[in-house]
Amino acid sequence: MSIPDAPSAPTTGVVAPTRLIAYSVALAALAVALSPLSIPTGIAKVSPTQHCINVIAGALVGPWWGLAVALVTSLVRNALGLGTPLAFPGSVFGVVLAGLAYRYTRNVYFTALGEIIGTGLIGAAVGALLVAPYLMGKDIALTVLILPFLLSSAAGAALGVAGLAVLRQLGYLR
């Protein structure tokens, strides 16, 4: 009498939760470690490396785990004095749009575009209209944040596309 083999892991592209947690922790740690590479622009500290991580997280762990990565990174950056409250809208909208774009298209350029639109337009608007006046006590014009957020997210998204190319070559992207 032989014992049947244990069922193998599904091959339908489902990633084990343990792996998602490990990737997410590693991405958040990398984003925090790269935080000193930010550029002060008025009341914001723009961080192209955060946008790079957002593009990678959106594709590697998806929009919701990527959102967790962005939130943890923003919290730690603020706690360490490496960011401002603008880190929250400057990261969460971009990673969600990047993750959704990758989920539905599997196209890294649409993933990067999701980051740019989410951060450069939506994040800048939320930052200027809600975060700056209510959390930072500063009234600023929307245009003051749009240009730096767009430039930072575009530079970071380009780095993220390069990172995704490497991850695809290594077999980490499905």
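Hi everyone, let's start with the rings: the count comes to one aromatic pair, where rings of Phe, Tyr and Trp (its six-membered ring) pair if their centres lie within 6.5 Å, and planes under 30 degrees apart count as stacked, over 60 as edge-to-face and the rest as tilted. Tyr23 and Tyr172 have ring centres 6.3 Å apart and planes at 75°, so the pair is edge-to-face. It links distant parts of the chain, 149 residues apart: Tyr23 in helix α1 (residues 17–33) and Tyr172 in the segment after α6 (142–170). Helices here are DSSP runs (H or I, at least four residues), numbered from the N terminus.

A word on the model: it is predicted, so local features need pLDDT of at least 70 and side-chain atom pairs count only at pLDDT 80 or more, while totals for chains, interfaces and linings use all residues. Residues are numbered from 1 along each chain as its sequence is written, and side-chain values use heavy atoms, with hydrogens and water left out.

Are the two tyrosines buried or exposed? Tyr23 is buried at 18% relative accessible area, and Tyr172 is partly exposed at 43%; buried means under 20%, exposed over 50%, partly exposed in between (1.4 Å probe, protein chains only).

Now, the surface. Phe93, Leu97, Phe110, Leu113, Ile117, Leu121 and Ile122 make a nonpolar patch of about 540 Å². Patch residues have over 30% relative accessible area and no salt bridge, with nonpolar side chains joined within 5 Å; a salt bridge is a side-chain nitrogen of Lys or Arg within 4 Å of a carboxyl oxygen of Asp or Glu. Helix α5 gives the most, five residues. Leu113, in α5, is partly exposed at 39%. Thanks, all!

Terms used:
Helix = DSSP H or I, 4+ residues; strand = E, 2+ residues; numbered from the N terminus. Patch = residues over 30% accessible without salt bridge, like charges linked within 9 Å, V, L, I, M, F, W, Y side chains within 5 Å. Areas by Shrake-Rupley, 256 points an atom, 1.4 Å probe, with all protein chains shown as cover.
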